[in-house]
Amino acid sequence: MPLHRHHHHHADDVLPYHRAVAVNVADDDEAKPRRPYSSFASPRAPSSSSSSSCLASANRLLLLFALACLLVAVASLAFAFSARAGAARLHQPSPAATSVAFRCGRAEDSLRSFLASSRNYTAGEREKVLAVVGVHTEIGSAARRAALRATWFPPNPEDIVSLEHGTGLSFRFVIGRTKDTEKMADLQKEVDMYHDFLFIDAEEDTKPPQKMLAFFKAAYDMFDAEFYVKADDAIYLRPDRLAALLAKERSHHRTYIGCMKKGPVVNDPNMKWYESSWELLGNEYFTHASGLLYALSSEVVGSLAAAKNDSLRMFDYEDVTVGSWMLSMNVKHEDNRAMCDSMCTPTSIAVWDSKKCSNSCNPAEIVKVLHNTTLCSKSPTLPPEVEDE
């Protein structure tokens, strides 16, 4: 509703100007004819009437002078505002020079910002894709990222866009920030070279469950996807087969896809995988997907994105935490063992062996070896017998 400014005009209190005419009646003047009343008295005949007339004239001049000053002040003020607006327009960057940042809080999509600043990029605020695949990584894991770019991860912005057009999958390395300026400077060099990062609204040392929630919030805000996929930077992935899996028709719109597992809850603080909230879980974990690769449908992530950060239970481990969230929703648990093969097969979607390679091997080298295997990188998307069905 427009605001109406009420201007109050204060009229000047003008006192009636009374002219007192003093008449000197002298005997020797009685015979002289009297001049008619005039506000302009003769200078040769000063009188009270003449004095009042001069005062009136002076007041008029003073009023005119005040009005002139007011007009000058108003004109000066208008000129000042006009000059300031002109200067602002002069210093405003042209649209071509403006770098558009796609953000959610402190989250930022470096690829779309780069594309928007370097070409005629027409994507909306929420880009429509089949799935956004967030490959979660750490600032110190540059070697792993390099190995992925040399194998299955698109190595440049053009290839990311091409793969997105071909499969519907949009890939990003998901990462937090750090207050270490030297580490951030090194990371920025990598960002400027590849433009394939999705920065989430979290510090690098934030616990994995909180970082995962920050990823879901940012991804949901920036992408209108049918699925939101979490991948680890230590796996070998076939994007074409992942796209084929996610594109399948499903009757259930709330879907949780991954390699489902369960196992004992560790309540001994001296043992690996100790869970500090073990008393809430009992002796055995509920069914949940492995944290190296899983997918959540749009409705599921939408519910997570709308939740307040402190309203969701956080356990020590990300996969358990996400699994607990799934228990509170009406989701369909879809177990797919092709997402966790320990070796390449004609149908494997992701290859990794957590049992044999539990923080004791070099994932970057393993990914390169797998990629050089024909069965891993050059086999068709689906074997002929599956395609014929």
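Which residues in α3 meet which residues in α11? Figure 1 has the answer. First, a note on the source: this is a predicted model, where local features need pLDDT of at least 70, side-chain atom pairs count only at pLDDT 80 or more, and totals for chains, interfaces and linings use all residues. Residues are numbered from 1 along each chain as its sequence is written, and side-chain values use heavy atoms, with hydrogens and water left out.

**Figure 1. Helix α3 packs against helix α11 (residues 363-371).** On the α3 side you'll find A143, R144, A147 and L148, and they meet P363, A364, V367 and K368 in α11. Contact here means heavy atoms within 4.5 Å. The axes are 8 Å apart, at an angle of about 10 degrees, and α3 and α11 are therefore roughly parallel to each other. (Angles under 35 degrees count as roughly parallel, over 145 as roughly antiparallel, 65 to 115 as roughly perpendicular and the rest as oblique. Axes are lines fitted to C-alpha atoms, for helices over the stretch in contact, and angles run from 0 to 180 degrees between N-to-C directions. Helices (H or I, at least four residues) and strands (E, at least two) are DSSP runs, numbered from the N terminus.)

**Figure 2. F153 and F171 make an edge-to-face aromatic pair.** The structure holds 10 aromatic pairs; in this one the rings are 5.9 Å apart centre to centre, with 75 degrees between the planes. F153 lies in the loop between α3 (142-149) and α4 (157-167) and F171 in strand β4 (residues 169-177), so the pair ties together parts that are 18 residues apart in sequence. (Rings of Phe, Tyr and Trp (its six-membered ring) pair if their centres lie within 6.5 Å; planes under 30 degrees apart count as stacked, over 60 as edge-to-face and the rest as tilted. Buried means under 20% relative accessible area, exposed over 50%, partly exposed in between, using a 1.4 Å probe and protein chains only.)

**Figure 3. Two arginines sit over tyrosine rings: R126 over Y220 and R149 over Y194.** The charged end of R126 is 4.6 Å from the centre of the Y220 ring. For R149, the distance to the ring centre of Y194 is 3.9 Å. (A charge sits over a ring if NZ of Lys or CZ of Arg is within 6 Å of the ring centre and within 35 degrees of the ring normal.)

**Figure 4. R172 and D109 form a salt bridge.** The closest N and O atoms are 2.8 Å apart. R172 lies in strand β4 and D109 in strand β2, so the pair ties together parts that are 63 residues apart in sequence. R172 and D109 are both buried, and they join R112 and E127 in a network of salt bridges. (A salt bridge is a side-chain nitrogen of Lys or Arg within 4 Å of a carboxyl oxygen of Asp or Glu; by this rule the count comes to 17.)

**Figure 5. R145 pairs up with E190 in a salt bridge.** Here the closest N and O atoms are 2.8 Å apart. The pair links distant parts of the chain, with R145 in helix α3 and E190 in helix α5 (residues 181-194), 45 residues apart. R145 is buried at a relative accessible area of 0%, and E190 counts as buried at 11%.
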